[in-house]
Amino acid sequence: MPFQEFPLTSVDVTSSFWSHVQDCSRLKTIPAIVEAQKTWDHWTCLTWNEGHDVKPHQFWDSDIYKIIEAACYFLIKHPDDAMRAVVEDAVEMIRGAQHED
């Protein structure tokens, strides 16, 4: 029998353990990571210019991409205006950092 694809929106986590883990990630972990990145001036890494107080490390931008990916997965099933605004802000920052090529 071949592998059959189905939409992510059809997946529901019903385990009380994993539901709790997901809720904690959505409601606490993701917002805490975004807040920490903003507090440490890491959130704006894609707008970094010479002379900025904090010099980014080689993989600084991947931190932004990973947390935005996680937020997007949650937004599929759990609409949240604040989380959506964070994602849209990051997307605009990513767009602004693109070179013309």
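**Surface patch and pockets**

Reader: Which residues make the nonpolar surface patch of about 490 Å²?

Author: In this predicted model, local features need pLDDT of at least 70 and side-chain atom pairs 80 or more, while totals for chains, interfaces and linings use all residues. Residues are numbered from 1 along each chain as its sequence is written, and side-chain values use heavy atoms, without hydrogens and water. A nonpolar patch joins side chains within 5 Å whose residues have over 30% relative accessible area (Shrake-Rupley, 1.4 Å probe) and no salt bridge (Lys or Arg nitrogen within 4 Å of an Asp or Glu carboxyl oxygen). The patch is made by Phe-6, Leu-8, Val-11, Tyr-73 and Ile-76.

Reader: Why is Ile-76 classed as partly exposed?

Author: Ile-76 lies in helix H2, residues 60-77, where a helix is a DSSP run (H or I) of at least four residues. Partly exposed means between buried (under 20%) and exposed (over 50%), and Ile-76 is so classed because its relative accessible area is 40%.

Reader: Which helix gives the most to the lining of the largest pocket?

Author: The lining, meaning residues with an atom within 4 Å of a pocket point, includes Leu-8, Val-11, Tyr-73 and Ile-76. Helix H1 (16-39) and H2 are the elements that give two or more residues to this lining. The most, 4 residues, comes from H2.

Reader: Which helix supplies the largest share of the lining of the second largest pocket?

Author: Among the lining residues of the second largest pocket are Arg-26, Ile-30, Val-34, Met-83 and Val-86. H1 and helix H3 (81-97) each supply at least two residues. The largest share, 7 residues, comes from H1.

Methods
Patch = residues over 30% accessible without salt bridge, like charges linked within 9 Å, V, L, I, M, F, W, Y side chains within 5 Å. Salt bridge = Lys/Arg side-chain N within 4 Å of Asp/Glu carboxyl O. Buried < 20%, exposed > 50% of the residue type's maximum accessible area, 1.4 Å probe, protein only. 1 Å grid on protein atoms, 1.4 Å probe; cavity = no way out; pocket = protein on both sides within 12 Å on 5 of 7 lines; lining within 4 Å.
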